[in-house]
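Thanks for coming, everyone. I'll walk through one chain this morning, and I'll keep it short. Have a look at the screen.

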Amino acid sequence: MRVISGTARGRKLKEPDGADIRPTSDMVKESVFNIVQFDVEGRRVLDLFAGTGQLGIEALSRGAASVVFVDSRPGAIKLVWENLNLCGFADSAQVLSHDALRFLKGEGRFDLVFVDPPYGSGLVEETLAKLIEFDKLNTNGIIICEMKADSVAPGVLPPYFLHREYRYGSVKIVRYERRDVY
């Protein structure tokens, strides 16, 4: 697991012990950042179910203004801090030990949100519903959801739109957008 591009390019990140955390593969992560390559710099990012923090760290390396990392597992929170410190990004990050769905009830909007919960947990659907219910995206904001390839991407209502689905082996990436003009 490494940072693919940007200021921390090539930096090796600490990986989890055991199967409690499922990191996104480097191939899928590279594909995700190809999908959002022009939508990262200067943006406010939310990394839900952060795990190792690698998606948010990749965003910081590529010029994101700030990232909020949210995970409820103590081991994940420790790992995110370790990886942020390895890359020198601790000052641009906020790491919260919090339930992701409850966090979404709070204040604040984002430009880019990563949703990567445990596969088969039903949390993609619940999280997407809460993101929309609490209108957590700025105009032209993007939500990237990672799920098993055979999962059905949840539908959304305007001003949110399912932009596109991508398949990478056993993984599906779904890009949603918030647009005020439709």
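One term before the tour: contact means heavy atoms within 4.5 Å. Helices (H or I, at least four residues) and strands (E, at least two) are DSSP runs, numbered from the N terminus. This is a predicted model: local features need pLDDT of at least 70, side-chain atom pairs count only at pLDDT 80 or more, and totals for chains, interfaces and linings use all residues. Residues are numbered from 1 along each chain as its sequence is written, and side-chain values use heavy atoms, with hydrogens and water left out.

Overall layout, then. The chain has five helices and seven strands. Along the sequence they run α-β-α-β-α-β-α-β-α-β-β-β. The radius of gyration is 15 Å, close to the 16 Å that the globule rule gives for 182 residues, so the chain is as compact as a globular protein of that length. That radius is taken over C-alpha atoms, and the rule is 2.2 Å times the number of residues to the power 0.38. The C-alpha trace spans about 40 × 30 × 30 Å along its principal axes.

Now burial. Buried means under 20% relative accessible area, exposed over 50%, and partly exposed in between, with a 1.4 Å probe and protein chains only. Of the 182 residues, 51% count as buried. Take contacts between residues at least 6 apart in sequence: 64% of them join residues at least 24 apart.

Next, helix H2, residues 54-61. How many of its residues are buried? Eight of eight, so to speak: H2 is mostly covered. The buried set runs Gln54, Leu55, Gly56, Ile57, Glu58, Ala59, Leu60 and Ser61. What do they pack against? Two helices are among the partners, H1 (26-35) and H3 (74-87). The strands include S1 (44-48), S2 (66-71), S3 (93-97) and S4 (110-115). Just after H2, Gly63 takes a positive phi of about 105°.

Most residues other than glycine have a negative phi, and most peptide bonds are trans. Phe49 sits in the loop between S1 and H2. Is Phe49 buried or exposed? Buried, at a relative accessible area of 15%. Asp135 also has a positive phi, about 45°, and is not a glycine. Its place is the loop between helix H5 (123-133) and S5. Asp135 counts as partly exposed, at 25% relative accessibility. Then the prolines: the peptide bond from Pro158 to Pro159 is cis, with omega near 15°. Pro159 lies in the loop between strand S5 (137-148) and strand S6 (160-168).

Last stop, cysteines. A disulfide, counted here as a pair of cysteine sulfur atoms within 2.5 Å, is a covalent bond between the sulfur atoms of two cysteines. The structure holds zero of them. Cys87 is buried, with a relative accessible area of 9%. Cys145 is buried too, at 1%. Cys145 belongs to strand S5. What does Cys145 touch, leaving out residues up to four places away in sequence? Val115, Val124, Lys172, Ile173, Val174 and Tyr176. Val124 is 21 residues from Cys145 along the chain, and their C-alpha atoms are separated by 6.9 Å.

That's the tour. Questions, please.
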